[in-house]
Amino acid sequence: MLQSVIHYGIHIMLPLVIAFLFFRKYWLKAYLIMLCGMLIDFDHLLADPIFDPNRCSINFHPLHTYWAIGVYIFMTFFKRTRLIGLGLVIHIIADQADCLMM
């Protein structure tokens, strides 16, 4: 239960806080773009089983590999890709928190 609260708290609340603090003029747009970072979970459909509560996503699923994470971090350095990069990095932070709590 606590693990889910932390995981989804990071997914939902951290982008909201970042959007409000750093992108105040267009916080709602920034928040929604960062929430799109959750779309990388579609790579879970490639796994068998699709969902395993005891599996760490990091470096298991294709869009959760260290190489992909490097690309997400790189994206945060450029204005055009910053928000989606932040959303993806926040997603990885949430998944890493899960791995640490297993």
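The largest cavity in this predicted model has a volume of about 40 Å³. A search of the whole structure turns up 1 cavity of 30 Å³ or more. Sorted by class, the cavity lining comes out as 5 nonpolar and 4 polar residues, with no charged ones.

Some of those lining residues turn up again where helix 2 (residues 27–35) packs on helix 4 (residues 82–101). The axes of these two helices come within 7 Å and cross at roughly 50°. Angles under 35 degrees would count as roughly parallel and 65 to 115 as roughly perpendicular, so helix 2 and helix 4 are oblique to each other. The crossing of this pair is right-handed. On the helix 2 side the contact is made by Ala30, Ile33 and Met34, which meet Leu83, Ile84, Leu86, Gly87 and Ile90 of helix 4. By class, this contact has 7 nonpolar residues and 1 polar residue, and no charged residues.

Helix 4 has another packing partner in helix 3 (residues 66–75). Here the axes lie 7 Å apart, and the angle is about 140°. Roughly antiparallel would need an angle over 145 degrees, so helix 3 and helix 4 are again classed as oblique to each other. Their crossing is left-handed, whereas that of helix 2 and helix 4 is right-handed. From helix 3, Ile69, Tyr72, Ile73 and Met75 take part, and they meet Arg82, Ile84, Gly85, Leu88, Val89 and Ile92 in helix 4. The residues of this contact divide into 8 nonpolar, 1 polar and 1 charged.

The largest pocket holds about 470 Å³ and is lined by 19 residues, with His7, Tyr8, Phe51, Ser57 and Asp98 lying nearest its centre. The elements that give two or more residues to the pocket lining are helix 1 and helix 4.

Most residues other than glycine have a negative phi, and most peptide bonds are trans. Asp48 and Pro49, however, are joined by a cis peptide bond, with omega at about 0°, and Pro49 is found in the loop between helix 2 and helix 3. Asn59 sits in the loop between these helices too. Although not a glycine, Asn59 has a positive phi of about 65°.

Key
Residues numbered from 1 in each chain as written. Predicted model: local features only at pLDDT ≥ 70, side-chain atom pairs only at ≥ 80, totals over all residues. Heavy atoms only, no water. Axes fitted to C-alpha atoms, helices over the stretch in contact; angles between N-to-C directions. Helix = DSSP H or I, 4+ residues; strand = E, 2+ residues; numbered from the N terminus. Left-handed = near helix turned anticlockwise from the far one by under 90°. Contact = heavy atoms within 4.5 Å. Nonpolar A, V, L, I, M, F, W, Y, C, P; charged D, E, K, R; others polar. 1 Å grid on protein atoms, 1.4 Å probe; cavity = no way out; pocket = protein on both sides within 12 Å on 5 of 7 lines; lining within 4 Å. Points joined across faces, edges and corners; volume = space filled by probe spheres on them.
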